[in-house]
Amino acid sequence: MPQANTGVNDFAFKLANVNGTGSASANGLLMQAIFRMGIPVSGKNLFPSNIQGLPTWYEIRVNKDGRTSRALDYDLIVAMNAQTYARDIKEVRTGGYLLFDSTWPLDRALRRPDVTFLGVPFAQLCVEHFRESRERILMKNIAYAGSLIALLDIEWSVVEALLQETFGKKKALLESNHKALKLGYDFAKQNFECPLPFRLQRMDANGDKILIDGNTATALGALYAGCTVAAWYPITPATSVMESFKSLCERYRKDPQTGKNNFAILQAEDELAAIGMVIGAGWAGARAFTSTAGPGVSLMNEFLGLAYYAEIPAVLVDVQRVGPSTGMPTRTQQADLLSCAYASHGDTKHILLFPAHPAECFEFSVKSFDLAEKFQTPVILLSDLDIGMNDWVVPRLTWNDDYRPDRGRVLSPEQLEKLAAFHRYSDEDEHFVTPRTLPGFSPKGAYLTRGSGHNRLGGYTELPEEYQAVVDRLAQKHRAAAPFIPPAVIESRRSTRGKGKGRTPFSLVTLGGCDAAVREALDLLSEMGVPGDYMRIRGFPFGAEVETFLNAHDVNYIVEQNRDHQLKSLIALETNVPKEKLRSMLFYGGFPLSAGQVVEGLLSALGKSEGEAARGLGGMPEALSGAEG
Amino acid sequence: MPSIAKPSAAPSGSQTNDLGLTVRDYEGAMSTLCAGCGHDSITAALIRALWELSIQPHRIAKMSGIGCSSKTPTYFASGAHGFNSVHGRMPAVATGAAAANRGLYYIGISGDGDSLSIGLGQMSHAIRRNVRMLYVIENNGVYGLTKGQFSASADVGSKLKKGEENRMAPIDPAFLGLSIGATFVARSFSGDKQQLVPILKAALKHRGLALVDVISPCVTFNDHEGSTKSYLYTRKHERPVAQADLVPPAEEILAPIGAKGVTTIAMHDGSLVRFSALPEGYDPGDRAKVLPYLQEQQAQGLIPTGLLYLDESVPDMHEMNNTTDTPLIQVPFESLCPGSGALEELMEGFR
């Protein structure tokens, strides 16, 4: 029998289910229980675009060192979906375990000698112990959670407390959940050797961290930034941004005296209307945002061009999913980068922000509103499904009460009075922003906002020089925003001492949710003797540090989740970095990235250009020799 | 949108309104529309209505989309902010602006191309939302700015210059509005200022979306025999069925109510709309009766005009959303941001 993983707080397991059977609560319960035991954990929900019936998986990675990227190496798979037995069994690592619902027949031919099969008749147990058919289906999931408590050594008291919090007031539900947990737990205790060789043990690695998804954090950012108008159209995976925003507003934005809402959330008839409402509200002086995904951005293009040209603040949260077209709505990608950077016809350029995890979703969400008003332009927050809909362990979100919104250059009636005359697009400051006025405050500040050719005074024009003066300023304004974009995160895995000191020949460059996988990959590579530097770009326009970093490396591998190397293209278009310094490493199948994929990608890239790699790395490290062929 | 400033010489001895402003103060730039365009007459009626109601020009927000009609905001109330947005999408922009600042008078100016083709969806949803605004459709049955193509309100059988005939039934904004719950539906004729001005005044005082369809002949492309949107046809077939007058709150006590044939509906701000000259059995507050009446008139080739339907009981967008009475843009940041203490508490829920 091959050796099993004997790691404490260092393993991964996967739960295979049928969509719509209520497995989410069982999986969430497990994830949260591990988190509360103080153990770093991450969960990825790999779900189909379907209401009920198709296969769905949930992966949980437990890693005492805080690695959170997707694991592709499963020590344990809980197989609750007979339709996917073959596939699930294949994915168990040698020496691993398969916990399956033995009510369903398992083809003998699928058995593997290097995997331990643990059968529990979950469905049968639930049929015997529960009367209602819906309950019998739902409780199967809680029952496997019960078995996992025994097999992985999850603390009962933690689970107990979670159940109390979830069902505290619903006594009947609390009791049936308890019963189901106990069914699974007792069966495992009586029939298997518990715990498994790999298991959990309480530690204190989570400190005061929180478990939160990116969409909730984004909504919190909008709340704290003082956004009052939100307009949206439902779309996966962005819907929960607005659902969260709504529930937060209901909680924190009711006028205590009148009970009336200090917010307006409008469910628009489509995405075109949603962004139109945001622009109308921004024009009138409110902080406003919409949330959508790629198909919505496509529809919003025309309006984004208007807001760019007429210089109206607007915040758009794009929780990216897999395109093109309808694509794979419940899978993740980073493929809206170029369409957002240059959204709309004509010469347009937008400010983009790329959060990597929920804590940045919160921070960048607030920042989006400040940048939109400071630069009087749309700002697009590019999140994605992995960040937005999965739970992440991140530092506790904090708030500085000294924060005040940066409203940018808005003239008050008093300031207007001092002016001889007001012209919307003249008198620019160092950031190429011209002062604006809000409707309703002063007869002197009136002007006509237009998406047609206008001159410095705001009047209609078709004169080349007048038109150019305005669009040139807009280009300068976009560039001037660079120092206000969160700077790239730059780290070195290279030794600063001894022989290896000096120039690092290669780097891994990425953005957004690839962060965890790429950093972990760099650590692994470093251990293999292939050290590289790291840069995570956090927004567009790029800061000066981006170009400097790229130029300082012979080769920069740009890791991104799209087919057409969109980040690499944007870098090539918007910087002077020589093209030969930029290489692509692409992952666009729709699932979150794993460190192993990046390591493999880099080794194979280096292997393919052997001579170059040898020169660049100062001699091919031993670890690479296997990857050369 | 080309515009030319007006000459500075003002006509002497102009009357002033309650704010001490003259009609001239409600004007805008010189129109660059074709001479004789119906839209310019609508502009004149708007100027008159705004002046008569003594609305401060800077408390007006002029919203439009794209097209001949959408140039109108340039030609009135130069002291007001205007927004010439994108084709057919004025309603969304107006909705967002109204959501942010409920304290302004929103005037949306659109056309049959802008509102009945590309913008049909947005117009319908603004109606359903009952956004408090005056929504004027300058309806000429033709695309003027792109030189004479059919619009969605073009008559069946009307012909392009090269002879192509329109076979599709026109979309009638009044019918549409009535069928999807509009709370104020009026139709008028750009050449009938006497009727149009009171309608616009009542519309500006309405608590929700006031849809005013104005037949506005296009002198360049659609003012010919066979067009029901021509000057001649409209003059001949216009049937003022519901002459309305707005009685502002200040005059309420003096209003002679109760005369035979007069119907009065109280508006949200206390002013009254007084209907007179109503056909027998016509009740401008009964949607079920208005629609068949209009259909019957249309079948005879007649164009019933006037304030056709009014309902002040339906809540507007803000009432439906329970929004605070203070315009959202004036709510201080301190009451919007829950602060660090609340965030700390919230974080416990993510532990």
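1. **Largest pocket: lining by class.** In this predicted model, the lining of the largest pocket has 14 nonpolar, 15 polar and two charged residues. Nonpolar covers Ala, Val, Leu, Ile, Met, Phe, Trp, Tyr, Cys and Pro; charged covers Asp, Glu, Lys and Arg; the others, Gly among them, are polar. On a 1 Å grid over the protein atoms alone, a pocket is an open set of points with protein on both sides within 12 Å along at least five of seven lines, and a lining residue has an atom within 4 Å of a point.

2. **Largest pocket: space and parts.** The largest pocket holds about 760 Å³ of space. A volume is the space filled by probe spheres set on the grid points, which are joined across faces, edges and corners. The lining has 31 residues, and the closest to the pocket centre are A:A24, A:G28, A:N45, A:M389 and A:D391. Four elements of chain A give two or more residues each: β1 (10-18), α1 (23-36), β3 (55-63) and β7 (210-213). The largest share, six residues, comes from α1(A). Helices (H or I, at least four residues) and strands (E, at least two) are DSSP runs, numbered from the N terminus.

3. **Ground rules.** Residues are numbered from 1 along each chain as its sequence is written, and chains are lettered from A and ligands numbered from 1 in the order in which they are written. Local features need pLDDT of at least 70, side-chain atom pairs count only at pLDDT 80 or more, totals for chains, interfaces and linings use all residues, and side-chain values use heavy atoms, with hydrogens and water left out.

4. **Largest cavity.** The structure holds seven cavities of 30 Å³ or more. A cavity is a set of grid points where a 1.4 Å probe fits but cannot get out. The largest has a volume of about 60 Å³. Its lining includes A:Q320, A:F354, A:D384 and A:G513. Strand β13 (residues 378-384) of chain A gives the most, with three residues. By class, the lining has six nonpolar, five polar and one charged.

5. **Second largest cavity.** This one has a volume of about 50 Å³. Among its lining residues are A:Y308, A:K349, A:F375 and A:H478. Helix α15 (residues 464-480) of chain A gives the most, with three residues. Four lining residues are nonpolar, two polar and two charged.

6. **Chain A overall.** Chain A has 21 helices and 21 strands. Its radius of gyration is 27 Å, close to the 25 Å that the globule rule gives for 629 residues, so chain A is as compact as a globular protein of that length. The radius is taken over C-alpha atoms, and the rule is 2.2 Å times the number of residues to the power 0.38. Buried residues make up 61% of chain A. Buried means under 20% relative accessible area, exposed over 50%, partly exposed in between (1.4 Å probe, protein chains only).

7. **One residue to check.** A:T68 lies in the loop between β3 and β4 (74-79) of chain A. Its relative accessibility is 17%, so A:T68 counts as buried. Leaving out residues up to four places away in sequence, A:T68 touches A:S42, A:K44, A:R61 and A:A516. Contact means heavy atoms within 4.5 Å.

8. **Chain B overall.** Chain B has ten helices and twelve strands. Its radius of gyration is 21 Å, close to the 20 Å from the globule rule for 351 residues, so chain B is as compact as a globular protein of that length. Buried residues make up 57% of chain B.
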